[in-house]
Amino acid sequence: MRDKIKNILKEVVQEVLSTVISIKSSVKENAVMDQDPEKRVVVSIGLSGKLSASLVLVLTNSSACRVVSKMLDSEITEVSQDVVDGLGEMANIMAGRIKSRFQEIAIPLALSIPGVIMGLDPGSVAKMRTSEN
């Protein structure tokens, strides 16, 4: 079941990036980024119900700008409120599709409001979530 869940999450991310904003993506589990955490944007969606999980997307600042530029059909070169809002909207689209896909396999879910964090190591996000439990 764990592999099925991972596959659904990967498929949704790739589907949204390719259909909504016409970007071909590659999804890597537990990828290590060499870039300074200050130059990253982390997008997180919490899933709860019969299962508890988080989908965490980590983008470089330049990738985040490119994604939102495609969404808005406007060139954005720096992380700004538009980038934060655009990534939040993209995460909302992903969240809706994730919820729908899990309902298809009889796993009802509640979803958190997507969070967008700039300049934070994604490992810190996991540590914060763990410490709250």
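**Exercise 1.** What does the accessible surface of the protein come to, and what share of it belongs to carbon and sulfur atoms?

*Solution.* The model is predicted: local features need pLDDT of at least 70 and side-chain atom pairs pLDDT 80 or more, while totals for chains, interfaces and linings use all residues. Residues are numbered from 1 along each chain as its sequence is written, and side-chain values use heavy atoms, without hydrogens and water. The accessible surface (Shrake-Rupley method, 1.4 Å probe) comes to about 8000 Å². Carbon and sulfur atoms hold 48% of that surface. Buried residues (under 20% relative accessible area, 1.4 Å probe, protein chains only) make up 32% of the 133 residues.

**Exercise 2.** State which pattern the protein follows along the sequence.

*Solution.* Begin with the elements: there are four helices and four strands. Helices (H or I, at least four residues) and strands (E, at least two) are DSSP runs numbered from the N terminus. Read in order, the pattern is α-β-β-α-α-β-β-α. Next, take contacts (heavy atoms within 4.5 Å). Among those between residues at least 6 apart in sequence, 59% join residues at least 24 apart.

**Exercise 3.** Describe helix 2, its cover and the residue just after it.

*Solution.* Helix 2 has 12 residues and spans 16 Å from first C-alpha to last, close to the 16 Å expected. The expected span is 1.5 Å times one less than the number of residues. Its buried residues are Ala64, Cys65, Val67, Val68 and Ser69; their cover includes strand 1, strand 2 and helix 3. Just after helix 2, Asp73 has a positive phi of about 50 degrees.

**Exercise 4.** At what angle do helix 1 and helix 3 pack, and how far apart are their axes?

*Solution.* The angle is about 135 degrees and the axes are 10 Å apart. Axes are lines fitted to C-alpha atoms over the stretch in contact, with angles from 0 to 180 degrees between N-to-C directions. The two helices are therefore oblique to each other: angles under 35 degrees count as roughly parallel, over 145 as roughly antiparallel, 65 to 115 as roughly perpendicular and the rest as oblique. Residues making the contact include Ile5, Leu9 and Val16 of helix 1, and Met90, Ile98 and Phe102 of helix 3.

Methods: Buried < 20%, exposed > 50% of the residue type's maximum accessible area, 1.4 Å probe, protein only.
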